[in-house]
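Reader: I would like a close look at one part of this model. Please keep it brisk.

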Amino acid sequence: MNGSNTMMAGAHQQHSPAREAGNGGATSVSGAHTRARTSSALNLVFLGILCFAVAILMRTFPALTYAQRSLVQVYFQPFVPLALMLALWAAAVAAWDGADVPWRACFDLSTRRAHMSATDAWTLAVGLAAAVAASAAAFSHATLVKTAHVHALKAGTPERFAPPLLSPTAIVVALYLGVLAFVVWPQNVFNAAARKHFATTVARVFVAPMWCPRVNFSDFLFADVLTSLAKSLADVERAVCHLVVTDSSDPLSKGMPVCGNASWSVPFALALPSLIRFAQCLRAHRDAAHARGVTTMYMSLDLWNALKYLTALPVICLSYLNHHVDAEEWVSTWRPLWLLAAVVNTTYSVYWDVTRDWELGAIHRVIDSRRQLLRHDLLYSREFYYYLIASNTAMRFAWSYKLSSHLRSRVAANLVAACVEAVRRFQWIFVRVEVEIRKIANGERKLVHERVELAEAVNAAV
């Protein structure tokens, strides 16, 4: 067992008595079994709804017109990468817990109990998928009924087709408001602590760089995940714009100049996560300089990290120009610059993933005695890290693809690219959490009082 594995095992032993004491004996065990049975029942119900909704959608979707099918994609596609990300997070938590990895040590002690279990995260992912599929099926059916009713009215036979019980617009609004209400609902149902922690983290991500006392690991991690969901964020913006501006039955109506790919709001939504991370890096640099008493300007790792997020902006902005210049000018001038910007962003991001986020570096690190490019204290097998480096590099190019609004009309390709990015982020998180735990154990991470207890437990294992 290598050094990291020893650290994980020792941390688990250190926490076992506290965990058992906190369980409250047989009562807590019984409660855990009850929650597990409830989660299993919910999963079965959600999976049944999901399968039934997909079956209906497969029958109704082909009958829609091209414009109507486009609108189904506009309204419901943003939730697909999000549901996938939740399911992958559940898989990560299950893997960490199964391997006794003290991943909660990365977070403040005050929020450690707020993190969902793997079972609850999986239930949430399946529940979201079921709600989205059911809403999409209901929307498609209501759209067909509404279209038939309109044709019957024009033919003078309104009695042949009654209008739908719920309008397509009402179904979409109910889904979006329902998701929002679930997150902020104050009642103590379905992990109220986790929902509150999530809502608080979302708020902190937007204000922490300016007004919060510090930017913590939860803020960094969530903002990084948000960069992977930039395409979904832009799709939500377009969906809400269509609801407000256009007739919900026609995505090609008067709202297209406002809500289409040529709108300024599209690149803004794509760039927002990168701008948030840029601001967080600047705040981290300022805090580190203040702690060290440094008053002169210097290029810290935080500033180099901030620069990495800035390199995403030329990719987004140059892609946006495609909608505002003629085809010849785009091909001769702007497309080569867009390709160059995408290569620079991808190369910089891959380098930072490997050498900084994962600390596996081949460039700033001396090759070890076995002529390998990895550090010696690894939690997983060496083959996993080599696979991770290769697959991360390949999938980073898909990330540049989804940042390009001029490729947005390729719906299927964009959806695949967004899902590939979710998988890439899922892989990235494994080693990023490992590195954070190692920094806590080695005293490289400056701790605040909320994390001292966990830090001491991890240090005691080393």
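Is the crossing of H14 and H15 left-handed or right-handed?

Author: The crossing of H14 and H15 is left-handed. Bear in mind that this is a predicted model.

Start with the pair itself. Two packed helices are described by the angle between their axes and the distance between the axes. Helix H14 covers residues 312-321, and helix H15 covers residues 327-357. Their axes come within 8 Å. They cross at roughly 155 degrees. Angles over 145 degrees count as roughly antiparallel, so H14 and H15 are roughly antiparallel to each other.

Now follow the chain past H15. Glu359 sits in the loop between H15 and helix H16, residues 382-402. Glu359 is not a glycine, yet its phi is positive, about 50 degrees. Its relative accessible area is 14%. Buried means under 20%, so Glu359 is buried.

Asp100 counts as partly exposed because its relative accessibility is 33%.

Val173, Leu177, Leu180 and Val184 make a nonpolar surface patch of about 350 Å². Leu177, one of these residues, belongs to helix H7, residues 168-184. The relative accessibility of Leu177 is 52%. Exposed means over 50%, so Leu177 counts as exposed.

Conventions: Residues numbered from 1 in each chain as written. Predicted model: local features only at pLDDT ≥ 70, side-chain atom pairs only at ≥ 80, totals over all residues. Heavy atoms only, no water. Patch = residues over 30% accessible without salt bridge, like charges linked within 9 Å, V, L, I, M, F, W, Y side chains within 5 Å. Areas by Shrake-Rupley, 256 points an atom, 1.4 Å probe, with all protein chains shown as cover. Salt bridge = Lys/Arg side-chain N within 4 Å of Asp/Glu carboxyl O. Helix = DSSP H or I, 4+ residues; strand = E, 2+ residues; numbered from the N terminus. Buried < 20%, exposed > 50% of the residue type's maximum accessible area, 1.4 Å probe, protein only. Axes fitted to C-alpha atoms, helices over the stretch in contact; angles between N-to-C directions. Parallel < 35°, antiparallel > 145°, perpendicular 65-115°, else oblique. Left-handed = near helix turned anticlockwise from the far one by under 90°.
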